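Here is a friendly walk through one protein chain, meant to be read with the model open beside you. Please take a look at the chain below before we start.

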Amino acid sequence: MRVMRYLVQPESLVFNSKRVNGFVEFINENDIKQWDLLEIALEVVEQWTEMWDEDQGFGSSDMTFMVKEFIDNVIGFAGKYGFKMTKFTPTLSVVDYSEAEHHNRVQRMESGI
């Protein structure tokens, strides 16, 4: 059996995500169970750990983007893509989906900005 050293423990990812504005309300409104959150967190943590260069440090901004990816996955799990999204306002928050914001983001990605 292979023991994996994670960048962050899945439990810590769930705990840290609950500090994000609007996330606890989203969890409660959608009746998302703790074990579902932990399963999604485990998937995110494993993926990040496998892709992370061991020589590279893991700082607070990295953690913020891991939390963002986790919350985005939870939104997808709840079937709420197109209704909710994460956004920096200026801190990371769960907000109502904005079609205009989505198209603006896609346009920036496609233009390399």
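Let us begin at a loop: D31 sits in the loop between α2 and α3. Its phi is positive, about 50°, although D31 is not a glycine. With a relative accessible area of 54%, D31 is exposed; exposed means over 50% relative accessible area, buried means under 20%, and partly exposed lies in between (1.4 Å probe, protein chains only).

A word on how to read these values. This is a predicted model, in which local features need pLDDT of at least 70 and side-chain atom pairs count only at pLDDT 80 or more, while totals for chains, interfaces and linings use all residues. Residues are numbered from 1 along each chain as its sequence is written, and side-chain values use heavy atoms, with hydrogens and water left out.

**The chain as a whole**

The chain has 5 helices and 2 strands, and from the N terminus on they follow the order α-α-α-α-β-β-α. Helices here are DSSP runs of H or I with at least four residues, strands are runs of E with at least two, and both are numbered from the N terminus. Along the principal axes, the C-alpha atoms fill a box of roughly 45 × 35 × 25 Å. Of the 113 residues in the chain, 32% are buried. Taking the contacts with a separation of 6 or more, 57% come from residues 24 or more positions apart; a contact means heavy atoms within 4.5 Å.

**Helix α3 and its partners**

Helix α3 covers residues 34–51. The buried residues of α3 are D36, L37, I40, A41, V44, V45, W48 and T49, and they pack against α1 (10–17), α2 (23–29) and α4.

Axes are lines fitted to C-alpha atoms, for helices over the stretch in contact, and angles run from 0 to 180 degrees between N-to-C directions.

| Helix pair | Axis separation | Crossing angle |
|---|---|---|
| α3 and α4 | within 10 Å | roughly 135° |
| α1 and α3 | 8 Å | about 115° |

At that angle α1 is roughly perpendicular to α3, whereas α3 and α4 are oblique to each other. The cut-offs are these: under 35 degrees counts as roughly parallel, over 145 as roughly antiparallel, 65 to 115 as roughly perpendicular and the rest as oblique.

On the α1 side the contact uses P10, E11, L13 and V14, which meet Q34, L37, L38, A41, L42, V44 and V45 in α3. Those residues divide into 9 nonpolar, 1 polar and 1 charged. In this count Ala, Val, Leu, Ile, Met, Phe, Trp, Tyr, Cys and Pro are nonpolar, Asp, Glu, Lys and Arg are charged, and the others, Gly among them, are polar.

The crossing of α3 and α4 is right-handed too. Here D36, L37, I40, A41, V44, V45, Q47 and W48 of α3 meet D62, F65, M66, E69, F70, N73, V74 and F77 of α4. This contact divides into 11 nonpolar, 2 polar and 3 charged residues.

Which residues does A41 touch, leaving aside its neighbours within four places in sequence? They are P10, L13, V14 and F70. A41 is buried, with a relative accessible area of 0%.

**Helix α4 and what follows**

Helix α4 has 18 residues and reaches 25 Å from its first C-alpha to its last, close to the 26 Å expected. Its buried residues include M63, M66, F70 and I75, and the buried residues of α4 pack against α1, α2, α3, β1 (84–88) and β2 (92–96). D72, also in α4, counts as buried at 19% relative accessibility. Beyond its neighbours within four places in sequence, D72 is in contact with Y81 and T86.

After α4 comes G79, whose phi is positive, near 70°. In the loop between β1 and β2 you will find P90, joined to T89 by a cis peptide bond with omega about 0°.

How values were computed: Left-handed = near helix turned anticlockwise from the far one by under 90°. Expected span 1.5 Å × (residues − 1).
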